[in-house]
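Let's take a walk through a protein model together. Have the sequence and the 3D view open, and follow along from strand to strand.

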Amino acid sequence: ISPGGVPSSTERLVTVHGSLFKNRNELSCIITSNNITMEATFVTDSQVLCRVPKGLHPGVYGLSISNNGQDFSETTLDFSVIAPLLVKSIDPVMGSPDTVSIISLEGNNFQYLENLACLVDEKYVVPSHFVNTTSLQCLLPLSVDTGTVSIALILDGVPISTGPLS
């Protein structure tokens with residue numbers, strides 16, 4: 001499954017890789033632990049998109065696929081639902097445009113997520129570094145314009161943070 005983690009606050013498409021998927025109206029996905037059936041979109045016989053609903057409690061869930069809407073695969077694939085990341089503060093609040101700056105984001109619900117990144121000024125994507133559940137770091141690129149800089153946390157290109165990010 002890609003991505004392996006989805007935020008609980010938004011509906012999200014996940015890509016399921018497997019085999020023998022059929023392009024049928026009955027193609028569906030199910031979250032096995034909750035028996036929640038979801039819309040599935042056929043891509044190829046080895047790839048299906050599943051629409052994971054918002055509002056699931058954070059945790060690990062199993063997902064299965066059915067070609068006929070009734071008989072689901074015996075194999076379940078795990079994915080994680082994560083709580084919204086809350087940013088409380090950014091340090092430093094000022095930096096020099098001539099040097100690379102490491103900024104620290106302090107907040108709650110942080111966790112290691114492979115594709116978690118910082119979006120700087122809505123155009124520069126830089127990897128985040130997980131420190132602990134209350135701290136992340138991002139490296140500001142030299143190409144950032146002088147003045148106020150906006151920062152958002154994104155997972156696979158989708159914003160997943162709340163709080164003061166500028």
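Start with strand E1 and strand E7 (residues 77-82), which run parallel to each other and pair over 3 bridges. Two strands count as paired if DSSP finds at least two bridges between them, and strands themselves (E, at least two residues) are DSSP runs numbered from the N terminus, as are helices (H or I, at least four residues). In general, strands of a sheet pair through backbone hydrogen bonds, either parallel or antiparallel.

A word on the ground rules: this is a predicted model, where local features need pLDDT of at least 70, side-chain atom pairs count only at pLDDT 80 or more, and totals for chains, interfaces and linings use all residues. Residues are numbered from 1 along each chain as its sequence is written, and side-chain values use heavy atoms, with hydrogens and water left out.

Now zoom out. E1 and E7 belong to an open sheet of 7 strands with mixed pairing, in the order E1-E7-E6-E3-E4-E5-E2. Strand E1 (5-7) and strand E2 (12-17) sit at the edges with a single partner strand each, so one side of each has no neighbour in the sheet. Overall, the chain has 0 helices and 15 strands. Of its 166 residues, 38% are buried (buried is under 20% relative accessible area, exposed is over 50%, and partly exposed is in between, using a 1.4 Å probe and protein chains only).

Back in strand E7, you'll find Asp 78. Which residues does Asp 78 touch, leaving out those up to four places away in sequence? They are Ile 1, Val 60, Tyr 61 and Gly 62, where a contact means heavy atoms within 4.5 Å. Asp 78 and Gly 4 are 74 residues apart along the chain, yet their C-alpha atoms are separated by 7.6 Å.

Most residues other than glycine have a negative phi, and most peptide bonds are trans. In the segment before E1 sits Pro 3, and a cis peptide bond joins Ser 2 to Pro 3, with omega about -5 degrees. Asn 35 has a positive phi of about 55 degrees without being a glycine, and Asp 121 has one near 50 degrees. Asn 35 lies in the loop between strand E3 (28-31) and strand E4 (36-44), while Asp 121 lies in the loop between strand E10 (116-120) and strand E11 (124-132).

Here is how accessible three of these residues are:

| Residue | Relative accessible area | State |
|---|---|---|
| Asp 78 | 54% | exposed |
| Asn 35 | 59% | exposed |
| Asp 121 | 19% | buried |
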